[in-house]
Amino acid sequence: MTPFDINTKEFLSQTFDGLNLSSQQLQGTEFDDCTFTGCDFSETAFDKCRFIDCQFQKCNLSLAQFNYCRFSDVSFKECKLVGIDWTKADWPNLALASPVSFDQCILNDSSFFGLHLAEILLKECKIYNADFTDADLNHGEFCYSDFTGSTFTRTNLESSDFTEATEYDIDINNNRVQGAKFTRYEAARLLSYLGIELVD
């Protein structure tokens with residue numbers, strides 16, 4: 001494992017295993033092509049940091065803060081990311097595809113309010129009580145994710161894939177869903193907003 005000096009401002013192609021920076025503060029640090037495995041960043045305050053081509057695996061980032069941080073091709077797998085306000089990060093004004101992806105993660109109580117994250121991957125995730133209001137998630141992949149209690153209002157979900165996703169409440173009159181894919185059984189949830197009653 002690479003030793004970590006909190007005063008170092010640039011890390012290139014480093015691997016961190018079991019690093020514990022819970023409740024610490026990092027400012028102006030850049031991570032390029034780094035891998036984090038089993039690390040604890042719970043309640044860590046990242047301020048104006050940059051993450052480029054990084055991978056987080058089985059890390060705890062719950063209640064972490066990413067104030068004015070930048071992401072580029074960053075993936076999270078089997079991570080816990082509860083209570084994060086992603087709107088505090090510094091997102092590009094023009095982005096062809098989402099700079100972050102999530103696979104088998106827990107993202108409860110997170111806010112993606114108003115973010116442009118086209119083609120975002122949220123696969124096999126638990127996303128309870130998250131806020132996607134006014135977000136642009138077109139061409140996103142949400143397969144096998146559980147959206148219990150999450151809010152979709154004026155959200156762009158065009159051409160997104162909700163195959164085998166569950167517990168989403170999406171008002172098709174108040175969200176853009178053209179071209180989106182839904183599993184037939186779960187898609188019945190969409191009809192509830194049209195006042196349609198389904199019978200066997």
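Is Cys34 buried or exposed, and at what relative accessibility?

Author: The model is a predicted one. Cys34 has 1% relative accessibility, so it counts as buried. The closest cysteine sulfur to that of Cys34 belongs to Cys54, and the distance is 4.9 Å, which is too far for a bond. A disulfide is a covalent bond between the sulfur atoms of two cysteines. The cut-off used here is 2.5 Å between the sulfur atoms. By the distance rule, the structure has 0 disulfides.

Next come the strands. Four of them make an open sheet with parallel pairing, in the order E1-E4-E7-E10. At its edges are strand E1 (10-12) and strand E10 (70-72), each of which pairs on one side only. From one strand to the next, the twist averages 5°. E1 and strand E4 (residues 30-32) run parallel and are joined by 3 bridges. One of the pairings sets Glu10 against its bridge partner Glu30 in E4.

There is also an open sheet of 3 strands, ordered E3-E6-E9, and its pairing is parallel. Strand E3 (25-27) and strand E9 (65-67) each have a single partner strand, so one side of each has no neighbour in the sheet. On average, neighbouring strands here are turned by 10° against each other, with direction ignored. Between E3 and strand E6 (residues 45-47), which run parallel, there are 3 bridges. Leu26 stands opposite Phe46 in E6.

Phe46 leads on to the aromatic rings. A pair of aromatic rings is described by the distance of the centres and the angle of the planes. The structure holds 39 aromatic pairs. In one of them, the ring centres of Phe46 and Phe66 are 5.2 Å apart and the planes are at 5°, so this pair is stacked. Phe46 is in strand E6 and Phe66 in strand E9, so the pair ties together parts 20 residues apart in sequence. Phe46 counts as buried at 2% relative accessibility, and Phe66 is buried with a relative accessible area of 2%.

Phe66 also forms an aromatic pair with Phe51, and this pair is edge-to-face, with 6.3 Å from centre to centre and 80° between the planes. Phe51 lies in strand E7 (residues 50-52) and Phe66 in strand E9, so this pair links parts of the chain 15 residues apart. Phe51 is buried, as is Phe66.

Definitions and conventions:
Residues are numbered from 1 along each chain as its sequence is written. This is a predicted model: local features need pLDDT of at least 70, side-chain atom pairs count only at pLDDT 80 or more; totals for chains, interfaces and linings use all residues. Side-chain values use heavy atoms; hydrogens and water are left out. Two strands pair if DSSP finds at least two bridges between them. Helices (H or I, at least four residues) and strands (E, at least two) are DSSP runs, numbered from the N terminus. Axes are lines fitted to C-alpha atoms, for helices over the stretch in contact, and angles run from 0 to 180 degrees between N-to-C directions. Buried means under 20% relative accessible area, exposed over 50%, partly exposed in between (1.4 Å probe, protein chains only). Rings of Phe, Tyr and Trp (its six-membered ring) pair if their centres lie within 6.5 Å; planes under 30 degrees apart count as stacked, over 60 as edge-to-face and the rest as tilted.
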